[in-house]
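Please open the structure in your viewer and keep the selection tool at hand. The tour below moves from one selection to the next, with a short account of what is found at each stop.

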Amino acid sequence: MAMTRVRPGLASKSFFKPLARPGRSGPALPERDSAVVDFAAYVDGLRVPTESLAEAVRLVRRKGAEPGGFVWVGLYEPDAGELERLAEVFGLHPLAVEDAIHAHQRPKLERYDGVQFLVLKTVGYVGRGSGVEAVETGEISIFCGHDFVVTVRHGAHGDLAPVRRRLEASPERLALGPAAVLHAIADRVVDDYVCVADGVQQDIDEVEVAVFSPERSNEAGRIYRLKREVIHLKRAVVPLAAPLRNLVGRRSVPSEIREYFRDVEDHVTRVREQVESCDELLTPILQAHMTQVTVDDNQDMRKISAWGAILMVPTAVAAIYGMNFKHMPELGWAASYPVVMCFMALSCLLLHRGFRRNGWL
């Protein structure tokens with residue numbers, strides 16, 4: 001492992017303390033001067049209090065230190081300078097650091113000189129209460145070495161504080177090393193996938209009922225919106241199966257953790273199938289809705305055409321007798337007006353009855 005010791009000047013840098021930094025926003029996060037949300041050294045599964053990150057690193061890397069100890073550093077939307085300073089301490093590869101800073105990666109697993117770099121997409125579903133369904137995405141980049149874990153979070157979702165508290169309450173899990181942290185984070189992210197997929201499925205069911213209900217409403221905009229959100233969810237879920245499968249076969253992952261990764265992989269498979277079924281279901285729902293809209297439009301056009309044909313008869317008769325020619329024998333008849341009016345009324349009645357019989361009215 002490159003860089004096995006900490007530079008002397010690092011202990012004094014405020015970068016290694018979870019302070020307030022103005023201008024950043026995130027759930028359950030105070031304003032802070034550093035991107036570091038939390039850090040700790042863990043020995044035998046127990047958190048060891050330290051004054052600074054530099055001290056935590058020295059604790060797990062000192063000569064004669066207990067094997068299995070590691071440092072877990074959590075960052076939220078760090079800038080390039082902050083993450084590069086950590087890269088010097090833990091020997092992080094520049095390409096992986098660049099990916100973690102820009103946070104526009106698809107889920108993947110890469111290995112750089114003994115450091116595993118895992119990218120996970122986080123998702124959150126905003127629906128029902130806001131009136132507009134939306135799948136909001138974020139990203140978590142994880143650097144996992146033999147004695148450290150560095151997590152870099154972007155976006156409003158995927159808060160890792162509950163994951164850290166849950167792991168600290170299970171020292172026997174933390175004693176398994178950084179792989180236990182890697183599994184806990186992946187498990188939390190996939191659990192969020194399950195919740196979001198269930199929410200999307202419920203909204204699709206509601207749209208389906210609305211489309212085929214007697215009371216017609218315009219659901220095209222909502223269907224297109226759900227289609228787009230399903231695509232966002234699909235981009236987060238589908239590529240994750242391969243990295244999880246690779247983790248199961250890694251020698252650096254303890255055998256006790258591999259079974260848990262298989263469980264997470266099974267959950268990902270279930271969510272992927274659910275998301276793909278949602279995607280497939282939305283297409284016929286949209287087609288059915290558009291067909292109904294076309295049928296309704298055709299029905300309206302038939303009604304308009306029928307009434308136009310009915311009104312054409314009195315219009316034609318009135319136009320003929322409005323030409324004011326001198327040699328029109330009907331103009332001199334005493335019964336001309338009532339005869340013409342009866343003829344127009346009877347013609348309109350017959351036409352209306354015929355259109356009603358054919359379903360045009």
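Which residue follows helix 3, and is its phi positive or negative? Bear in mind throughout that this is a predicted model. Select A103, which comes after helix 3 and has a positive phi, near 55 degrees.

Step back now into the helix itself by selecting residues 94-102, which make up helix 3, and then highlight A96, V97, D99 and A100, which are buried there. These four residues lie on the same side of helix 3, because they cover an arc of only 160 degrees around the axis.

Next, display the open sheet, whose seven strands follow the order 3-2-4-8-7-6-5 and whose pairing is mixed. Strand 3 (46-48) and strand 5 stand at its edges, and each has a single partner strand, so one side of each is left without a neighbour in the sheet. Direction ignored, neighbouring strands of this sheet are turned by 25 degrees against each other on average.

Within the sheet, select strand 4 (residues 70-76) together with strand 8, which pair in the parallel sense over six bridges. If you look for Y76, you will find that its bridge partner in strand 8 is R153.

For the last stop, select residues 241-248, which form helix 8; this helix lies across strand 5 and strand 6, and runs at about 45 degrees to strand 5.

Conventions:
Residues numbered from 1 in each chain as written. Predicted model: local features only at pLDDT ≥ 70, side-chain atom pairs only at ≥ 80, totals over all residues. Heavy atoms only, no water. Buried < 20%, exposed > 50% of the residue type's maximum accessible area, 1.4 Å probe, protein only. Helix = DSSP H or I, 4+ residues; strand = E, 2+ residues; numbered from the N terminus. Arc of directions from axis to C-beta. Pairing = 2+ DSSP bridges. Axes fitted to C-alpha atoms, helices over the stretch in contact; angles between N-to-C directions. Contact = heavy atoms within 4.5 Å.
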